[in-house]
Structure formats: C-alpha cells, structure tokens
Amino acid sequence: MGAQAVTEQTIINAAAALPTGLEAVYLAHRDRLLRFLRARGAGARAEDLVQELWVRIASKPTGPIMDPLSYLFRAANNLMLNDYRADARNMARDEAWGEAHLVGVASAAEVDLAAKEEVARARTRLAACGTRVQEIFFLFRVDGLSQRVIAERYHISLSAVEKDIQRAYRAIAALKDEDNG
C-alpha cells in the first residue's frame with residue numbers, strides 16, 4: 001500500500017513538472033524557433049536568443065494566448081530585433097567615443113601648432129615696427145614694467161613709450177584683422 005502511494009505521488013509530481021501551455025509549445029517547437037532565428041540572421045546568437053525566450057516565458061505567467069506558436073515566433077523576432085538594436089547602439093557609442101577621443105587629441109596638437117604659428121607671426125610683425133617698439137611692448141606686456149619705468153630705462157618721455165606701445169598694439173590688431181577678414 002505504501003509503495004503504491006509513493007508511485008501515485010511520483011506520477012502526480014511528474015505530471016505537475018511537465019510543462020504545459022506556452023512552455024509545452026516552446027519545447028515542441030524549439031528547433032523551429034532556432035531555425036527561424038538563424039534564417040533571420042541571428043547566426044551564432046540564435047541559441048542564446050531561444051534560451052532567453054525560454055527564460056522569459058518560464059518566469060512570467062501569461063494569460064490565455066490564442067495562437068501560442070505565433071506568439072513565440074513574434075517574441076523570438078522581437079528579442080532578435082532588440083539584440084540588433086542594442087548592438088547598433090553599442091557600436092555607435094563606441095564609434096562616437098573613439099572619434100571624439102581621436103579628434104580631441106588631433107585638435108590639441110593642431111591648436112598648439114596654430115598658437116605657435118600665431119606667436120611667430122606676431123613677433124615678426126612687432127619686429128617690423130622696430131627694435132625699440134618690440135622691446136618696450138615686451139617690457140610692458142610680458143615683464144609687467146610700468147610705462148614710467150620703461151621711459152626712465154630708455155631715457156625717453158612717457159608719451160614716447162605710450163606711442164610705441166600703441167604702435168605695437170596696432171600692428172597686432174592689423175594681424176588679427178588679416179586673419180578674420
């Protein structure tokens with residue numbers, strides 16, 4: 001009697017463990033789903049997608065479904081599309097990051113080169129104004145000496161220092177005007 005009860009209980013448990021509904025349809029048509037995904041271009045990812053489909057249908061109880069096989073094919077197709085979209089987003093993000101990073105490096109080098117060229121052009125333009133103008137400009141703008149100190153150093157009037165500095169400014173302004181227009 002005890003052995004017969006165990007056998008009946010085992011059968012009941014086994015019957016309860018058998019998949020029903022959507023899971024049963026999935027198991028019966030798993031190979032078709034796999035071929036469907038491979039035919040649609042899933043390639044090596046087809047097996048992963050079919051497995052992901054199983055996890056989804058096994059984890060979420062669903063209500064009654066009119067056509068379970070169509071539902072599974074549509075769900076498999078949607079998983080594949082989501083996979084493609086995720087790959088496309090990842091590739092676009094990686095590509096954008098790479099381009100931004102490479103452009104940033106190239107831009108820094110280009111900016112450095114352009115700045116050096118601009119300084120060289122400004123020095124040439126100031127040299128064309130004369131040695132004294134160039135020296136007074138650098139003493140005033142780079143060394144930070146006052147115009148009065150510069151005037152005393154060169155034994156010239158304060159007005160002459162101001163005129164030399166203005167001449168240097170005009171030369172640099174003309175250079176900027178040439179660049180802009």
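Is Arg45 buried, partly exposed or exposed, and at what relative accessibility? Arg45 comes out as partly exposed, at 31% relative accessibility. Here buried means under 20% relative accessible area, exposed means over 50% and partly exposed is in between, with a 1.4 Å probe and protein chains only.

A note on the model: this one is predicted, so local features need pLDDT of at least 70 and side-chain atom pairs count only at pLDDT 80 or more, while totals for chains, interfaces and linings use all residues. Residues are numbered from 1 along each chain as its sequence is written, and side-chain values use heavy atoms, with hydrogens and water left out.

**View 1. Arg45 and Asp83 pair up across the sequence.** The two side chains form a salt bridge, at 2.7 Å from N to O; the term covers a side-chain nitrogen of Lys or Arg within 4 Å of a carboxyl oxygen of Asp or Glu. Asp83 sits in helix H5 and Arg45 in the loop between H3 and H4, so the bridge ties together parts that are 38 residues apart in sequence. Helices are DSSP runs of H or I with at least four residues, numbered from the N terminus. Asp83 counts as buried, at 14% relative accessibility. Asp48 joins Arg45 and Asp83 in a network of salt bridges.

**View 2. Glu47 meets Arg30.** The closest N and O atoms of this salt bridge are 2.2 Å apart. Glu47 belongs to helix H4 and Arg30 to helix H3, and the pair links distant parts of the chain, 17 residues apart. Glu47 is partly exposed, with a relative accessible area of 31%, and Arg30 is partly exposed too, with 21%. By the salt-bridge rule, the count comes to 9.

**View 3. Arg93 and Asp94 make a salt bridge as well.** Their side chains meet at 3.4 Å, N to O. Asp94 counts as partly exposed, at 47% relative accessibility.

**View 4. The largest nonpolar core has 18 residues.** A nonpolar core is a set of buried Ala, Val, Leu, Ile, Met, Phe, Trp, Tyr and Cys residues joined through side-chain atoms within 4.5 Å. Tyr26, Leu33, Leu37, Leu53 and Leu72 have the most contacts inside this core. Helices H2 (21-28), H3 (30-39), H4 (46-59) and H5 (68-129) each supply at least two of its residues, and H5 brings the largest share, 6 residues. Zoom in on Leu33 and you find Tyr26, Val50, Leu53, Leu72, Phe73 and Ala76 touching it, leaving out residues up to four places away in sequence; contact means heavy atoms within 4.5 Å.

**View 5. The largest pocket has a volume of about 160 Å³.** On a 1 Å grid over the protein atoms alone, with a 1.4 Å probe, a pocket is an open set of points with protein on both sides within 12 Å along at least five of seven lines, and lining residues have an atom within 4 Å of a point. The lining includes Leu53, Arg56, Ile57, Tyr71 and Asn82. H5 gives the most to this lining, with 5 residues. By type, the lining residues divide into 5 nonpolar, 3 polar and 2 charged.

**View 6. His155 has a positive phi.** The angle is about 55°, although His155 is not a glycine. Most residues other than glycine have a negative phi. His155 is in the loop between helix H7 (147-154) and helix H8 (158-180), and counts as exposed, at 72% relative accessibility.

Notes. Grid points are joined across faces, edges and corners, and a volume is the space filled by probe spheres set on the points. Ala, Val, Leu, Ile, Met, Phe, Trp, Tyr, Cys and Pro count as nonpolar, Asp, Glu, Lys and Arg as charged, and the others, Gly among them, as polar.
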